[in-house]
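Here is a short report for a first look at this structure.

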Amino acid sequence: QKALAGLRRIDLDGLRWRVFDAKGQVLGRLASHISTVVQGKDKPTYVPNRDEGDMCVVINAKDVCVTGRKMTDKFYRWHTGQVQDVNLILLLYIVVASWSWYIGHLKERNLKDQLAKDPTEVIRKAVLRMLPRNKLRDDRDRKLRIFAGSEHPFVDRPLEHYAMPPRQVREMRPRAKRAMIRAQKKAEQQEQDETNTKKGKRRNKVESILEI
Amino acid sequence: MTRIKRGYIARRRRRKIRLFASSFRGAHSRLTRTITQQKIRALVSSHRDRDKQKRDFRRLWITRINAVIRETRVSYSYSQLIHDLYKRQLLLNRKILAQIAISNRNCLYLISNEIRRKEVDWKEYTEKI
């Protein structure tokens, strides 16, 4: 119901409906492409004072990936402190991570926890923070519809899939590369040892059955 | 000294200014003192923006050309297009390119393909010269 919420406010329906599949995409790179589409910057009739971006539907928001240690180390922070309820204090105890010297009213939440709680907010924040901060930002926000799963109520419309450009993955740094090769060799040796022993054979048979 | 009234001199001056600000909103077209201030501000911003206009339109043309060029999906961009244009000594400016992009997109693709393809021939061409 929320997805169809503000559709009446968007006037022009010469706009296309683009679908972004976030499965396996890197968060920021996906968000930058979404923001260019939502601003309408991929059209030759771009005008900066009007909002003519296409409607963007993002699916599989919970499968969005992130490089490095951002799963545990990226924090979403916000400041409260105006309302003094009992609820706030309870939330503080539950939500804040182990570091409890954030006294006062600064609350923070892990990327992992945010994905568990509300995965659409991750992409929404990423895209909103990439849009220019002007009066059209809220209208552009209304054009973004994000869904955690792969089902969305806009199936009747003429949808267009957005093909993300291929990603240029940078070559791994030598130390990391060597570590990876060592880990791979270790894993291979462990498999060979297991196949040699009897128990390993039984385990292999069970695994193959399960796979089928 | 005899008494001298100012008469209608100030009124004549202010009438001209009021005519200038006659389409402004609210008190800015009704109250004399604010009218003089608003006229000054309007003229200042028009002077400043006349130079800015040239910049703004060039930005707009560049954005539009970029938008159309990137749709070919070969990882082609505005910067590469301009580089190729300069290499081939094609003197189309951004305004015309943007107009081509809006009205006749295939024409722009034709131009970009022509520019990109003949990289080997260009070397021979320069050697001939």
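How many aromatic pairs does the structure hold over all chains? It holds three. Rings of Phe, Tyr and Trp (its six-membered ring) pair if their centres lie within 6.5 Å; planes under 30 degrees apart count as stacked, over 60 as edge-to-face and the rest as tilted. One of these pairs is B:Phe20 with B:Phe24. Their arrangement is edge-to-face, with 6.5 Å centre to centre and 75° between the planes.

This is a predicted model: local features need pLDDT of at least 70, side-chain atom pairs count only at pLDDT 80 or more, and totals for chains, interfaces and linings use all residues. Residues are numbered from 1 along each chain as its sequence is written, chains are lettered from A and ligands numbered from 1 in the order in which they are written, and side-chain values use heavy atoms, with hydrogens and water left out.

**Charges over rings**

A charge sits over a ring if NZ of Lys or CZ of Arg is within 6 Å of the ring centre and within 35 degrees of the ring normal.

| Charged residue | Ring | Distance from ring centre |
|---|---|---|
| B:Lys39 | B:Phe20 | 5.4 Å |
| B:Arg116 | B:Tyr76 | 4.2 Å |

Buried means under 20% relative accessible area, exposed over 50%, partly exposed in between (1.4 Å probe, protein chains only). B:Phe20 is partly exposed at 37%. B:Phe24 is partly exposed too, at 24%. B:Cys107 is also partly exposed, at 28%. A:Cys56 is buried, at 0%.

A disulfide is a pair of cysteine sulfur atoms within 2.5 Å. Over all chains, the count is zero.

Helices (H or I, at least four residues) and strands (E, at least two) are DSSP runs, numbered from the N terminus. Two strands pair if DSSP finds at least two bridges between them. In chain A, four strands form an open sheet in the order E5-E2-E1-E6, with parallel pairing. Its edge strands are E5 (144-146) and E6 (159-161), each pairing on one side only. Neighbouring strands are turned by 25° against each other on average, direction ignored. Axes are lines fitted to C-alpha atoms, for helices over the stretch in contact, and angles run from 0 to 180 degrees between N-to-C directions.

Strand E2 (residues 55-59) of chain A runs parallel to E5(A), joined by three bridges. A:Val57 stands opposite A:Arg145 in E5(A). Helix H5 (residues 119-128) of chain A packs on the sheet, touching E2 and E5 of chain A. Contact means heavy atoms within 4.5 Å. The direction of H5 makes about 155° with that of E5(A).
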